[in-house]
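This briefing is intended to be read beside the sequence and the three-dimensional structure. Please keep both in view while going through the points.

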Amino acid sequence: MSLESRIIEAYERHPFKPGKYEYGTAGFRMKSHLLDSIMFTVGLLACLRSHADNGKASGVMITASHNPIEDNGVKIVNQDGEMLPQEWEKYAIKLANSSNGKELFEAFSEVAKETGNEAILTDKSNPILVYIGKDTRPSSEALSASVIDGIKSLPNAKFFDFGVVTTPQLHWVVWRGNEENVQKTIENYYESTARSFSRLLDPSQKSTSRRQVFVDCANGVGGATMRKLEPHLKLLDITLLNESDLSLLNAGCGAEFVQKSRKFPSNFDKSNGTVISLDGDADRVVISYKKKDGSFGLLDGDKIATLFGKFVAELFTKNKLDCNLGVVQTAYANGASTKYLKSVLNPSNVACVATGVKHLHHKAKDFDVGVYFEANGHGTVTFTREAFKSVQDATQNVSDDSQIRLRSFFDLINPVVGDAICDFLAVEAVLDYYGWDYETWDNELYVDLPSVQTKLKVKDRRVVVTTSDETKVTSPDGFQNKLEKISAAYNKGRSFVRPSGTEDVVRVYAEAETEQEAKSLAQDVLKLVYDDLQGTEQPPTL
Ligand code: G16
């Protein structure tokens, strides 16, 4: 059978649902019943990525992360373990919007030709390999089967199904497997993570004491991973919360809930002090704790970025290593964190880009070592091969703890994608290094300006157009002026609005000198959004 007939026949089993599908902030994401045909086309595109790299594995992760249970989504993992290159997103969109098999085959052929992969259309000997992972949502199994159907329509394509894994685990096996030219197992991920963590926390390997931690798994896929990793983490005494009740996925728990609502996750007894919250697919982490005065404290992505930045800068200096260190944030970064970073780094090494880890990751790679975090806890540390080599060279004849720590930090961090588990383990070890508790960490570097994040449904969120760093609205006309006037009425007032890339809402951010002012500013901006952007629900009362 010709390739054309194979694709047409197989695509018939995955009927296209009319719509206009976009590869958004985090891939394709929507109500799960709309995704069947899209998954099939993603299988094809992942094959093209692998083909473009002589059969190195690409990856497909099925998850909708922080979204509600009825949603699902898919992200394509590049052969280097990072996200799909942005210049390929238009190809993903083109395939996903093909309304029948003939159109899909034509689109596939055009993309193959345009990307120099014409041989995939005729030659059956070129190797193609795709790794697949999925979260625990009820719709994920069938959607994963649709991806596999897409892959199977190419006669020589092979795939390996890793089953239920976190998003960062799938990125890790793609990255490390291709780098070392062997297929990695998820067991390798556990061993490597636990080994580097134990050396980072306890370089002399003499400790017998265990740090107590509570981990809120958002009832997402991180629960299963933490359960398997836990026996390897001998220096931690871990209690898992919200581990696997799918009916409560991301509901009242998890990083998104804790960061946006400024509340402890459900099932956490605050007399225990501190809780680490993962999001639904374990690529984000925030920490909440009870302050000495009894109030709620949040340690978000900005706090993690500044902690990691400080640690790396100091250990590089201590080990006499030179490094161009940069930190990348988004408009959501608390103004106080940006001010602090600009005071300790060259201000041009503190960048602000649009929301979406793909933008931060890309920018971070401009630096030898790039620390990037969204305030919502999504982030990691990237480093060049040269920077990693200089760390390896400097720590070859390991003679002191700081050398072991520096090396272990770079071994633990997952440089290809934000990994909530590696990030929180690194936080635990770095805090131990400084001898800080969570509250000391919170107050030591800078104190957050009070801020509020909220959202509103409007008639069409796409009418909102912003500047590339999302700090200002450029359309509709006059909206930005009104926003600035409202913000100027508050001490240290700053606010912005942007259309979400993962939900059908406009997001609102506001910060000001006091909590009261931040809330009031957010309330005023919500009203402006409601009035000027045709809100379709009443603004929440903050
Ligand atoms: C995704 C993206 C993040 C982004 C978040 C919210 O996270 O990967 O970079 O911050 O959505 O995006 P938006 O405000 O555009 O809806 P996740 O964890 O849901 O994959």
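The model is a predicted one, in which local features need pLDDT of at least 70 and side-chain atom pairs count only at pLDDT 80 or more, while totals for chains, interfaces and linings use all residues. Residue numbers start from 1 along each chain as its sequence is written. Helices (H or I, at least four residues) and strands (E, at least two) are DSSP runs numbered from the N terminus.

**The five-stranded sheet**

- Strands in the order S1-S3-S2-S4-S5 make up an open sheet of mixed pairing; two strands pair if DSSP finds at least two bridges between them.
- Strand S1 (28–31) and strand S5 (157–164) are the edges of this sheet, and each has a single partner strand, so one side of each is left without a neighbour in the sheet.
- On average, neighbouring strands of this sheet are turned by 15° against each other, direction ignored; axes are lines fitted to C-alpha atoms, for helices over the stretch in contact, and angles run from 0 to 180 degrees between N-to-C directions.
- Strand S2 (residues 58–62) and strand S3 (residues 71–77) run antiparallel and are joined by four bridges.
- Within this sheet, Ile 62 is placed opposite Val 74 in S3.

**Helices on the five-stranded sheet**

- Helix H2 (residues 36–52) lies across S1, S2, S3, strand S4 (128–134) and S5, and runs at about 135° to S4; two residues are in contact if their C-beta atoms, placed from the backbone, lie within 7 Å.
- Helix H6 (residues 167–180) also packs on the sheet, where it touches S2, S3, S4 and S5, and its direction makes about 170° with that of S2.
- The axes of H2 and helix H5 (residues 140–152) cross at roughly 45° and come within 7 Å.
- H2 and H5 are therefore oblique to each other, given that angles under 35 degrees count as roughly parallel, over 145 as roughly antiparallel, 65 to 115 as roughly perpendicular and the rest as oblique.
- The crossing of H2 and H5 is right-handed; a crossing is left-handed if the near helix is turned anticlockwise from the far one by less than a right angle, and right-handed if clockwise.
- Residues making the contact include Met 39, Phe 40 and Leu 44 of H2 and Leu 143, Val 147 and Ile 151 of H5.
- The contact of H2 with H5 has nine nonpolar, four polar and two charged residues; Ala, Val, Leu, Ile, Met, Phe, Trp, Tyr, Cys and Pro count as nonpolar, Asp, Glu, Lys and Arg as charged, and the others, Gly among them, as polar.

**Helices H7 and H14**

- Helix H7 (residues 186–201) and helix H14 (residues 401–412) have axes that come within 8 Å and cross at roughly 155°.
- H7 and H14 are therefore roughly antiparallel to each other, and their crossing is left-handed.
- Among the residues in this contact are Phe 197 and Leu 200 of H7, together with Ile 404 and Phe 409 of H14.
- The contact of H7 with H14 comprises five nonpolar, three polar and three charged residues.

- S18 and strand S19 (residues 506–511) run antiparallel and are joined by six bridges; Arg 494 has Glu 511 in S19 as its bridge partner.
- H17 and H18 pack with their axes 10 Å apart, at an angle of about 160°, which makes H17 roughly antiparallel to H18.
- The crossing of H17 with H18 is right-handed.
- Leu 483 and Ile 486 are among the H17 residues that meet H18, where Leu 521 and Val 525 are among the partners.

**Ligand surroundings**

- The ligand is surrounded by 18 residues, the closest being Ala 26, Ser 65, Ser 500, Gly 501 and Thr 502; a residue is near a molecule or strand if its C-beta atom, placed from the backbone, lies within 6 Å of it.
- The shell around the ligand has two nonpolar, ten polar and six charged residues.

**Backbone details**

- Most residues other than glycine have a negative phi, and most peptide bonds are trans.
- Asn 54, which is not a glycine, has a positive phi of about 50° and is found in the loop between H2 and S2.
- Ser 475 and Pro 476 are joined by a cis peptide bond, with omega about 5°.
- Pro 476 is in the loop between strand S17 (473–475) and helix H17 (479–488).
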